[in-house]
Amino acid sequence: MIPIIRPDLSFDEVADDLRKVIESGQLTCGGKVVEFENQIAATVGVKHAVATTSATTALHLVLAAKGIGAGDEVLVSDFSFPASANAIIQTGAVPVFVDCRPGGFDLDVADAAGKVTARTKAIMPVHPFGMPADIKAIVALAEKHGLFVVEDAACAIGAERDGIRCGGGPGVGCFSFHPRKLITTGEGGAVTTDDDALALRLRLLRSHGGRTGPKVGLEFVENGFNYRMSEIQAVLGLAQMKRLDAILEDRRRTARLYRQELAGMAGITLPQFDIPGSGTFQSFVILLDDGIDRDHVVGAMRAQGVETTLGTYAQHAHPAFARFGHAPGDCPHAWIAQRQSLTLPLLPQMAAETVGSVCRAMERVIAEQAFMPSVKTR
Ligand SMILES: *Cc1c(COP(=O)(O)O)cnc(C)c1O
């Protein structure tokens, strides 16, 4: 079976540092996390990175640090993993789902503009699968209405558009180091920002709201969390961050191979190639034409030895968010994207022949689909 993704990480490249960390006895709050944070900040081109236990906790930490909560609204890309909206809900604020660009996966800025109210405090655009959203237009909208920008850059470490690194805009960026992302620490995340005061507050809240003072022990000045990354995780992340440029180049090379192989194939479009700038291709996601049963395609591809899955979710359409008054289809383009998107395998150092065999399997499966009854009315 060809899997969707595999970590670009070997035991040998971390063995020495892991041994040192374990033998030092300092398994958290040490130099490796600081080194990892410095690498992330340098990559994103900002002053501060604050490592966390996940992107979900990074998002929650930021919203809490900005004082967002009950009575507030946060605009959020609908087409995303539900971590995005859940982080908002955990603060007591209401997620307001913004559709994606027609035929694309990134946030439709015009739809966002139409959903701003007097209660809107922030906007959380996703860089879908590491392909940069139109951050210039998003920042312009945010400035017009005084909104804080929280980039959900979970998949976008090293991506860039219009000379701005993803997560390096005027607000904050939140990154994930889950094994489905291109850099992984098992679980892990980070917040990036240029704001000195905010970085301090993020560090305070990350660790129970306690700070050192003249007396023995800590003084607790806020009700914080434990969202700290461990030294062991940072060792894994550092090894990959040192090779980030090569990892990105490798994923982009494979994406180009896919584009060549899939160009002109009936029944599909390649929306990721419409997006300007340089993305990470954390996932390689295509759209199947309406009338092709995506779930059937996933099963048929599995029968051919190829793992595929949906792109991601139209959050508004899931029962957990129904209490905000949504019916499936309220963000129509995200709804289509959830139903018709397909993630193809994109592995480290993926051989051209493997890309070829995935595409030949696609061709066979789509050809079969042409004889299936239409599912448009589903
Ligand atoms: C993976 C992902 C998350 C969640 O990341 P975790 O580190 O697993 O919490 C959030 N948002 C997006 C867009 C993601 O792809």
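Arg161 lies in strand S6 of this predicted model. The residue is buried, at 10% relative accessibility. Its side chain meets that of Asp134 in a salt bridge, with an N to O distance of 3.9 Å. Asp134 lies in the loop between strand S4 (120-124) and helix H6 (135-145), whereas Arg161 belongs to strand S6 (residues 160-161), so the pair ties together parts 27 residues apart in sequence. The two partners fall into separate accessibility classes under the 20% limit for burial. Asp134, at 24% relative accessibility, counts as partly exposed, while Arg161 has a relative accessible area of 10% and is buried.

The surroundings of Arg161 include a backbone group. A polar atom of the Arg161 side chain lies 3.0 Å from the backbone oxygen of Pro132. With residues up to four places away in sequence left out, Arg161 touches Asp106, Pro132, Ala133, Asp134, Ile275, Pro276 and Gly277. Domain 1 spans 15-241 and domain 2 spans 244-370. S6 is among the elements that give two or more residues to the side of domain 1 that touches domain 2.

The contact between the domains was examined next. The C-alpha centres of domain 1 and domain 2 lie 26 Å apart. In domain 1, 42 residues are in contact with 38 residues of domain 2. The size of an interface is often given as the accessible area lost when the parts come together. Domain 1 and domain 2 bury about 3300 Å² between them. Carbon and sulfur atoms carry 65% of this area. On the side of domain 1, Phe105, Phe129 and Met131 lose the most area to domain 2. Together these three account for 21% of what that side buries. Between domain 1 and domain 2 the count of salt bridges is zero. Polar contacts do cross the interface, with 16 residue pairs found at pLDDT 80 or more for both residues. Besides S6, the elements giving two or more residues to this side of domain 1 are strand S2 (73-77), helix H4 (83-90), strand S3 (94-98) and helix H8 (231-241).

Nonpolar packing was considered in turn. In soluble globular proteins, nonpolar side chains tend to be buried together. The largest nonpolar core here has 39 residues. Val62, Met124, Val150 and Leu202 have the most contacts inside this core. Helix H3 (residues 55-65) supplies its largest share, six residues. The core draws at least three residues from each of domain 1 and domain 2. Leu202 touches Val50, Leu61, Val62, Ala65, Val191 and Thr193, not counting residues up to four places away in sequence.

The buried residues of H7 (residues 196-206) are Leu198, Ala199, Leu202, Leu204, Leu205 and Arg206. The N-terminal end of H7 is capped by Asp195, which places a side-chain oxygen 3.0 Å from the backbone nitrogen of Ala197. Just after H7, His208 takes a positive phi of about 65°.

Further salt bridges were then compared. The structure holds 23 of them. One joins the side chains of Lys32 and Asp17, at 3.8 Å from N to O. Lys32 lies in helix H2 (residues 31-44) and Asp17 in helix H1 (residues 12-24), so this pair ties together parts 15 residues apart in sequence. Lys32 is buried, with a relative accessible area of 18%. Asp17 is partly exposed, at 24% relative accessibility.

Another salt bridge links the side chains of Arg253 and Asp250, with N and O 3.1 Å apart. Both residues lie in helix H9 (residues 244-262), three residues apart, so they are separated by about one helical turn. An α-helix has 3.6 residues a turn, so residues three or four places apart point the same way. Arg253 counts as partly exposed, at 30% relative accessibility. Asp250 is buried, with a relative accessible area of 11%. Elsewhere, salt bridges that share partners join Asp17, Lys20, Lys32 and Glu35 into one network.

Definitions and conventions:
Residues numbered from 1 in each chain as written. Predicted model: local features only at pLDDT ≥ 70, side-chain atom pairs only at ≥ 80, totals over all residues. Heavy atoms only, no water. Salt bridge = Lys/Arg side-chain N within 4 Å of Asp/Glu carboxyl O. Helix = DSSP H or I, 4+ residues; strand = E, 2+ residues; numbered from the N terminus. Buried < 20%, exposed > 50% of the residue type's maximum accessible area, 1.4 Å probe, protein only. Polar contact = N/O pair within 3.5 Å; in protein donor to acceptor, adjacent residues only side chain to side chain. Contact = heavy atoms within 4.5 Å. Core = buried A, V, L, I, M, F, W, Y, C linked by side-chain atoms within 4.5 Å. Domains from an automatic or database assignment. Buried area = accessible area lost by both parts, 1.4 Å probe.
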